[in-house]
Amino acid sequence: MNYHILDFGRLFKNLLLLYNFYWSTILNMFLPQLLNARLVNTMIKRLFSQSQPLRQGVNNHSPNNMEKRFLVWSGKYKSIEEVPNFVSPDVMERCRNKVRIRLANIMMLLTVIGCGVMVYSGKEAAKRGETVTKQNLDWHKKYNEQTQKQDP
């Protein structure tokens, strides 16, 4: 049988559809008989790879001003002027991850500081004798007095 006459595009399309269900059966039984095992392994690695090796090193992402600041803040470049017009998508993704983690850490720190300030403020108010119940009663008393003045 002439293997070069087969429509390999249609064959691989069908194999991709069956990938989730029959992976081990197809790989072990049919593909090695039709093609060289080395070619099959290379094609499978390229089709199902998470790292996308064909895109690595390709500088095809144009960063905007905010992303340029992210690249500087994450330490990839020293200043905004040093950032090139095109960077790799992988570099940009790593940069965004670093910035996201830093911002999350800063927000956690600010939350802890805010909680500390509120605790301190509450203790100082308690020393002065100010309570939420007292404030509520005063507000209702004032509100009732205003409504009585308006209703003659």
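A word on the ground rules comes before the details. Because the model is predicted, local features need pLDDT of at least 70 and side-chain atom pairs count only at pLDDT 80 or more, while totals for chains, interfaces and linings use all residues. Residues are numbered from 1 along each chain as its sequence is written, and side-chain values use heavy atoms, with hydrogens and water left out.

The protein chain has five helices and zero strands, so helices and strands here being DSSP runs (H or I of at least four residues for helices, E of at least two for strands), numbered from the N terminus. Along the sequence the pattern reads α-α-α-α-α. Buried residues make up 14% of the 152 residues in the protein chain; buried means under 20% relative accessible area, exposed over 50%, and partly exposed in between, with a 1.4 Å probe and protein chains only as cover.

The unreviewed UniProt entry annotates residues 20-40 and 103-121 as "transmembrane region"; such positions are given in the numbering used here, feature names are shortened, and annotations may be inferred rather than shown by experiment. In the model, the span 103-121 is 100% helix and 0% strand, and its end C-alpha atoms lie 26 Å apart.

Next come the charged pairs. Side chains of opposite charge can pair when their charged atoms come close. The structure holds three salt bridges, each being a side-chain nitrogen of Lys or Arg within 4 Å of a carboxyl oxygen of Asp or Glu. In one of them, E67 and R96 meet at 2.8 Å, N to O. That pair links distant parts of the chain, with E67 in helix α3 (residues 65-73) and R96 in helix α4, 29 residues apart. E67 counts as buried at 9% relative accessibility, whereas R96 is partly exposed at 32%.

Another salt bridge joins K127 and E124, whose closest N and O atoms are 3.7 Å apart. These two sit three residues apart in helix α4, so about one helical turn separates them. K127 is exposed, with a relative accessible area of 67%, and E124 is partly exposed at 25%. A further salt bridge pairs E130 with R128 at 3.3 Å, N to O; E130 is partly exposed at 38%, and R128 is exposed at 55%.

The surface also carries patches, made of residues with over 30% relative accessible area and no salt bridge; like charges are joined within 9 Å, and nonpolar side chains (Val, Leu, Ile, Met, Phe, Trp, Tyr) within 5 Å. W73, L103, I106, M107, L109, L110, I113, V117 and M118 make a nonpolar patch of about 900 Å², with areas taken from the Shrake-Rupley method and a 1.4 Å probe. Helix α4 supplies the largest share of this patch, eight residues. One of the patch members, I113, lies in helix α4 and is partly exposed at 46%.

A positive patch is formed by K76, R94, K98 and R102. Lys and Arg count as positive and Asp and Glu as negative, leaving out His and the chain ends; each charge is placed at NZ of Lys, CZ of Arg, CG of Asp or CD of Glu. R94 lies in helix α4, which spans residues 89-128.

Finally, V83 lies in the loop between α3 and α4 and is buried, at 5% relative accessible area. V83 and P63 are 20 residues apart in sequence and 8.7 Å apart in space, C-alpha to C-alpha.
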